[in-house]
Amino acid sequence: MNAVRNIVILTGAGISAESGLRTFRADDGLWEDHPIEQVATPEGFARDPDLVQRFYDQRRTDIRAARPNAAHEALGRLDQEWAKGEHGDLLIVTQNIDDLHERGGARRVLHMHGEGLSAWCTACGARVRWEGTLRDGPPCPSCGAAALRPDIVWFGEMPYAMERIFAAIAACDLFVSIGTSGAVYPAAGFVQEASRAGARTLELNLERSLGSAMFDETRLGPASELVPAWVDDLLDPRETG
Ligand code: APR
């Protein structure tokens, strides 16, 4: 009988790195070529909307060309298995804007920083799936206004679904962080919330992160190896969790 009941999994860019999507703070990271202020703030969008639209057009193209890797698929398997039998809840909170968790089979996914394949109408508030370019100011399918922006949470904006995330963390007994540097709040503080809730905390990352000292356990290595191994152990009926 597995002692673990309710699981919250936080993922960052590192889980999609082996799918070919760039992370942010590595030497070849996205923020090296594109300063955050220019492409990931409301001020940057107001200053040069075409630059920002081009940046997210490229993200959308990269996302569509990428494939889920073994880590995404392992979490998809875990999500579906955990929904059966006497298990408790599971929630994947991702900072990533790609849809590789969903394409890897996960169902219970929250994109706290928004989604690359979604557009948000600043005129009527509609959010629509969007796979093409936003550069030529296409009309909003809902209201017709040429007012669509990337549905991304930029620096200075409030991440999505924070109440639901904190409620899940307060109720969890296992918190697992995968592929994130622990550089950006509020996500970087989730591990402390989980510890306060009495949960066991585990970090799976390529290298030590800014938050490693706050975890009960840190395992270092590529997500495509660490995550399937962790899921196999968790789903092994002989495991006590
Ligand atoms: N397997 C596991 N971890 C990896 C891998 C891999 N193959 N490759 C890289 N990593 C780790 C790195 O060691 C690093 O700790 O993933 C982390 C990536 O860190 P960042 O580039 O800072 O990305 P992330 O933590 O997701 O950034 C958080 O910051 O800029 C904002 O909104 C943006 O959502 C992003 C947030």
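I began with strand β6, residues 148–152, and found it mostly covered: five of its five residues are buried. I am working from a predicted model, and I keep that in mind for every entry below.

**Entry on the β4–β6 pair.** I looked up how β6 is joined to strand β4, residues 114–121. Four bridges connect them, and the two strands run antiparallel.

**Entry on the annotated cysteines.** Which residues does the UniProt "binding site" annotation cover? The entry, which is unreviewed, gives Cys121, Cys124, Cys140 and Cys143. I checked their spacing: they are spread over 23 residues of sequence, yet they cluster in space, with a largest C-alpha distance of 8.6 Å.

I looked at Cys140 next. I found Cys140 in the loop between β5 (127–129) and β6. Is Cys140 buried or exposed? With a relative accessible area of 3%, Cys140 falls under the 20% limit and so counts as buried. Leaving out residues up to four places away in sequence, Cys140 touches Cys121, Cys124, Ala126, Ala145 and Leu148.

Cys143 sits in the loop between β5 and β6. I recorded a relative accessible area of 39% for Cys143, which is partly exposed. That value lies between the 20% and 50% limits, so neither "buried" nor "exposed" applies to Cys143. With residues up to four places away again left out, Cys143 touches Cys121, Ala123 and Cys124.

I looked up the "active site" annotation in UniProt, and the unreviewed entry lists His113. I placed His113 in the loop between β3 (109–111) and β4. His113 counts as buried because its relative accessibility is 16% and the limit is 20%. Not counting residues up to four places away in sequence, I listed these contacts of His113: Thr94, Gln95, Ile97, Asp151, Ile152, Val153 and Pro159.

Gly114 lies in strand β4. At 1% relative accessibility, Gly114 counts as buried. With the exclusion of residues up to four places away in sequence, Gly114 touches Asn96, Ile97, Asp151, Ile152, Val153 and Tyr160.

**Entry on the domains.** I noted how the chain is divided. Domain 1 takes in 1–21 + 69–113 + 159–240, and domain 2 takes in 23–65 + 116–152. How far apart are the centres of domain 1 and domain 2? Taken over C-alpha atoms, the separation is 26 Å. I also looked up the contacts between them: 13 residues of domain 1 meet 15 residues of domain 2.

**Entry on helix α5.** I checked the length of α5, residues 70–82. Its 13 residues should span 18 Å at 1.5 Å a residue, and its end C-alpha atoms are 18 Å apart, which agrees. At the N-terminal end I found Asn69 as a cap, with a side-chain oxygen 2.7 Å from the backbone nitrogen of Ala71.

The buried residues of α5 are Ala71, His72, Ala74, Leu75, Gly76, Leu78, Asp79 and Trp82. I looked up what covers them, and the elements include β1 (7–11), β2 (90–94), α6 (100–103), β7 (174–178) and α9 (223–235).

I picked out His72, which lies in α5. At 0% relative accessibility, His72 counts as buried. The side chains of His72 and Ser16 are joined by a polar contact of 3.2 Å. Setting aside neighbours within four places in sequence, I found His72 in contact with Ile15, Ser16, Ser19, Leu100, His101 and Gly104.

**Entry on helix α9.** I ran the length check on α9 too. α9 has 13 residues and reaches 18 Å from its first C-alpha to its last, close to the 18 Å expected at 1.5 Å a residue. I listed its buried residues as Ala223, Leu226, Val227, Pro228, Trp230, Val231 and Leu234. They pack against β1, α5, β7, β8 (200–205) and β9 (217–220).

Methods:
Residues numbered from 1 in each chain as written. Predicted model: local features only at pLDDT ≥ 70, side-chain atom pairs only at ≥ 80, totals over all residues. Heavy atoms only, no water. Buried < 20%, exposed > 50% of the residue type's maximum accessible area, 1.4 Å probe, protein only. Pairing = 2+ DSSP bridges. Expected span 1.5 Å × (residues − 1). Contact = heavy atoms within 4.5 Å. Polar contact = N/O pair within 3.5 Å; in protein donor to acceptor, adjacent residues only side chain to side chain. UniProt positions renumbered as here; feature names shortened; annotations may be inferred. Domains from an automatic or database assignment.
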